[in-house]
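I opened my notebook to log what I looked up in this model.

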Amino acid sequence: MIDIKTAGTVQVLTMSSGPVNAQDVELLDELTLAVRDLGRSGAGALVVTGAGRAFSAGVDLNRVVEGGAGYTDRLVPALSAAFEAMFSYPGPTVAAVNGAAIAGGCVLACACDRRLIGPEAQIGAAEVRVGVPFPVAALEVMRYACGDHAEEVLLGGRSYRGPEAVARGLAHRVVADDLLGAAVAEASDLGGIPADAYRQTKAQLRAPTLARIRDGGAGDDEVRRMWGADETLARITAYVERLRRRG
């Protein structure tokens, strides 16, 4: 589900899981392990993208409905671990948002240092519209990325394209041609900065956010309870049915 290739001095990590790279426990665990291993090995600059037509359309809601509370008790920690691993990666990270980056896909992109987005790609944090709360790591990553726009993005649950996404901190620039090539070039440029200076500065900038993430156990206990509650699962089921009817 995770493919890693080298492009010059840059590692390119591609998620490949079904038609829209939906996030399930297995993909998230593999992603977390891969990112941590790359970080420990000093792999340097990293580009993250999705196979096919999507970056990642978020959590696999069918698995949530099928698995119930037993599955969501595993899913919420897996989401948090993946987001924290990407956010704390010591080297430069660039997301090449080639298609839909929704909910957990949006958070994963926003955990990267830089985000390049295709002109037709949608990005947004749709959790509240699905009817689920944010794990602490997800909320804090989004707060860091979106700044003054965090409430609009998180409480509104909308998706954005192009300049609208840039204006809200969800992306840094729109790339119409050769998105992956542009992301590799940007990662390569950032990778040319002395690694120890980049790592230390990034750690200093992100330390307050990471402290809140790592102190958020009580908050995530409540998030797990809410994700697995019968009323939440009923809302998710209804949401999935609406999506199916739309085709």
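I began with Asp215: is it buried or exposed? Asp215 is exposed, because its relative accessible area is 66%. The cut-offs are under 20% for buried, over 50% for exposed and in between for partly exposed, with a 1.4 Å probe and protein chains only. I found Asp215 in the loop between helix 9 (195-214) and helix 10 (217-228). Helices here are DSSP runs of H or I with at least four residues, strands are runs of E with at least two, and both are numbered from the N terminus. I also checked Asp215 against Val136: they are 79 residues apart in sequence and 9.0 Å apart in space, C-alpha to C-alpha.

A note on the source: this is a predicted model, where local features need pLDDT of at least 70 and side-chain atom pairs count only at pLDDT 80 or more, while totals for chains, interfaces and linings use all residues. Residues are numbered from 1 along each chain as its sequence is written, and side-chain values use heavy atoms, leaving out hydrogens and water.

Next, aromatic rings. I counted rings of Phe, Tyr and Trp (its six-membered ring) as a pair if their centres lie within 6.5 Å; planes under 30 degrees apart are stacked, over 60 edge-to-face, and the rest tilted. The count came to 1 aromatic pair. The ring centres of Phe87 and Tyr144 are 5.1 Å apart and the planes stand at 85 degrees, so this pair is edge-to-face. It links distant parts of the chain: Phe87 is in helix 2 (residues 61-87) and Tyr144 in helix 5 (residues 136-146), 57 residues apart. Phe87 is buried, at 0% relative accessible area. Tyr144 is partly exposed, at 32%. I also saw Arg206 over the face of Phe87, 4.3 Å from the ring centre. The rule for this asks for NZ of Lys or CZ of Arg within 6 Å of the ring centre and within 35 degrees of the ring normal.

Then helix 1 (residues 25-40). Its buried residues include Val25, Leu28, Leu31 and Val35. The buried residues of helix 1 pack against strand 1 (2-7), strand 2 (10-15), strand 3 (46-50), helix 2 and helix 3 (104-110). Contact means heavy atoms within 4.5 Å. Just after helix 1, Gly42 takes a positive phi of about 70 degrees.

I traced an open sheet of 3 strands in the order 4-6-8, with parallel pairing. Two strands pair if DSSP finds at least two bridges between them. Strand 4 (54-56) and strand 8 (123-124) are the edge strands. Ile102 has Gly124 in strand 8 as its bridge partner.
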